[in-house]
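User: I am new to this structure and would like to learn how to read its features. May we take them step by step?

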Amino acid sequence: DDREDQPLDDQPREDWRSEDRRREEQRESELLSWRDRSKELEEEVGASRAEVFNAKAALADLRETYNILLSELEEVRLEAGHAEAEFVKRSAALDRYVAQQTDEAAQLRAEAAE
């Protein structure tokens, strides 16, 4: 039997092994790529979470400042209301004084005319 004396052709087996190794290397390379991308995304998520945390802290500070300013505005409105009431009161008193002086002047003129 001539076939037994001929060496087996190992080339197809080597090609298969080579292709298998190439695929395995490609899978490993893709896996490393995905791991790197995953780490990048984790870092981005971490940075985003930090930004959100900082934004929430800034918003809390702004709310506190807003509430303080709102409280101060209410105090100013109260003071302005008191000042306006005082102005109206004094203005009415001045009007009464002017009217009284006008009446007295008219009486003095009337007496002087007699």
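Predicted model: local features only at pLDDT ≥ 70, side-chain atom pairs only at ≥ 80, totals over all residues.

User: Where do Glu 19 and Arg 22 stand relative to each other in helix α2?

Analyst: The two residues are three apart in helix α2, so about one helical turn separates Glu 19 from Arg 22.

User: Which residues are linked with Glu 19 in a network of salt bridges?

Analyst: Glu 19 is joined with Arg 22 and Arg 23 in such a network.

User: With which residues does Arg 37 form salt bridges?

Analyst: One partner is Glu 40, where the closest N and O atoms are 3.2 Å apart. Another is Glu 44, with the closest N and O atoms 3.7 Å from each other. Arg 37 and Glu 40 both belong to helix α2 and are three residues apart, about one turn of the helix.

User: How accessible are Arg 37, Glu 40 and Glu 44?

Analyst: Arg 37 has a relative accessible area of 36%, so it is partly exposed. Glu 40 is partly exposed at 40%, and Glu 44 is partly exposed at 44%.

User: How many salt bridges does the count come to?

Analyst: By the rule given above, the count comes to seven salt bridges.

User: Which residues form a nonpolar patch on the surface?

Analyst: To read such a patch, one looks for nonpolar side chains joined within 5 Å, from residues with over 30% relative accessible area and no salt bridge. Here Tyr 66, Leu 70 and Leu 73 form the patch, and together they have about 290 Å² of accessible area.

User: Where does Leu 70 lie, and why does it pass the accessibility cut-off for a patch?

Analyst: Leu 70 is placed in helix α2, which covers residues 11-113. Its relative accessible area is 41%, so Leu 70 is partly exposed and passes the cut-off of over 30%.

Terms used:
Residues numbered from 1 in each chain as written. Heavy atoms only, no water. Patch = residues over 30% accessible without salt bridge, like charges linked within 9 Å, V, L, I, M, F, W, Y side chains within 5 Å. Areas by Shrake-Rupley, 256 points an atom, 1.4 Å probe, with all protein chains shown as cover. Salt bridge = Lys/Arg side-chain N within 4 Å of Asp/Glu carboxyl O. Helix = DSSP H or I, 4+ residues; strand = E, 2+ residues; numbered from the N terminus. Buried < 20%, exposed > 50% of the residue type's maximum accessible area, 1.4 Å probe, protein only.
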